[in-house]
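Open the model in your viewer and keep the sequence panel beside it. The stops below are given as selections, each followed by what is found there.

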Amino acid sequence: KGTSKTAIHDLAEELGISCILTPASARDDEFLTELESLAPDLCVTAAYGQYLPRRFLSTPRLGTLNLHPSLLPRWRGASPVQRSLVAG
């Protein structure tokens, strides 16, 4: 499963923000090397849906902020967003 650009990614590019990384796998060595070379203070993931390896999590100085639109941990499983909508 590949990744696709979001409206936020497109906006970031329009604003000249070039360090938006959307790897197909967070375990990809080339991606991790590029991330480490950026030496970020903070990483933000948004509904990424993959296990984040220790190498990824240990790279940003202040950690990683994972954004997700569902009411986790109450709504778990394969479709947490859909389940939270159905539950009202």
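Select Cys-43 and Cys-19: the sulfur of Cys-43 has its closest cysteine sulfur in Cys-19, 9.3 Å away, which is too far for a bond. A disulfide here is a pair of cysteine sulfur atoms within 2.5 Å, and the structure holds zero of them. Cys-43 is buried at 8% relative accessible area, whereas Cys-19 is partly exposed at 47%. Buried means under 20% relative accessible area, exposed over 50%, and partly exposed in between, with a 1.4 Å probe and protein chains only.

Before moving on, note the basis of the values. This is a predicted model, in which local features need pLDDT of at least 70 and side-chain atom pairs count only at pLDDT 80 or more, while totals for chains, interfaces and linings use all residues. Residues are numbered from 1 along each chain as its sequence is written, and side-chain values use heavy atoms, with hydrogens and water left out.

**Whole chain**

Switch to a cartoon view. The chain has four helices and two strands, in the order α-α-β-α-β-α along the sequence. These elements are DSSP runs numbered from the N terminus: helices are H or I with at least four residues, strands are E with at least two. The C-alpha atoms fill a box of roughly 45 × 30 × 25 Å along the principal axes. Of the 88 residues, 23% are buried.

**Nonpolar core**

Select Ala-26, Phe-31, Leu-32, Leu-35, Cys-43, Leu-52 and Phe-56, which make up the largest nonpolar core. Such a core is a set of buried Ala, Val, Leu, Ile, Met, Phe, Trp, Tyr and Cys residues joined through side-chain atoms within 4.5 Å. Helix H2 (residues 29-38) gives the largest share of this core, three residues. Now centre on Leu-32 and leave out residues up to four places away in sequence: Leu-32 touches Ala-26, Arg-27, Arg-55 and Phe-56. Contact means heavy atoms within 4.5 Å.

**Salt bridges**

Which side chain meets that of Asp-29 in a salt bridge? Select Arg-55: its side chain pairs with Asp-29 at 2.6 Å, N to O. Arg-55 lies in helix H3 (residues 54-57) and Asp-29 in helix H2, so the pair ties together parts 26 residues apart in sequence. Arg-55 is partly exposed at 29% relative accessibility.

Next select Arg-61 and Asp-41, a salt bridge at 3.1 Å, N to O. Arg-61 sits in the loop between H3 and E2, and Asp-41 in the loop between H2 and strand E1 (43-46), 20 residues apart. Shared partners join Asp-29, Glu-36 and Arg-55 into one network. The count of salt bridges comes to three, each a side-chain nitrogen of Lys or Arg within 4 Å of a carboxyl oxygen of Asp or Glu.

**Helix H1**

Select His-9 in helix H1 (residues 7-14). His-9 is buried at 8% relative accessibility. Leaving aside neighbours within four places in sequence, His-9 is in contact with Ile-20 and Thr-22.

**Last stop**

Finish with Leu-65 in strand E2 (residues 64-67). Leu-65 is partly exposed, at 42% relative accessible area.
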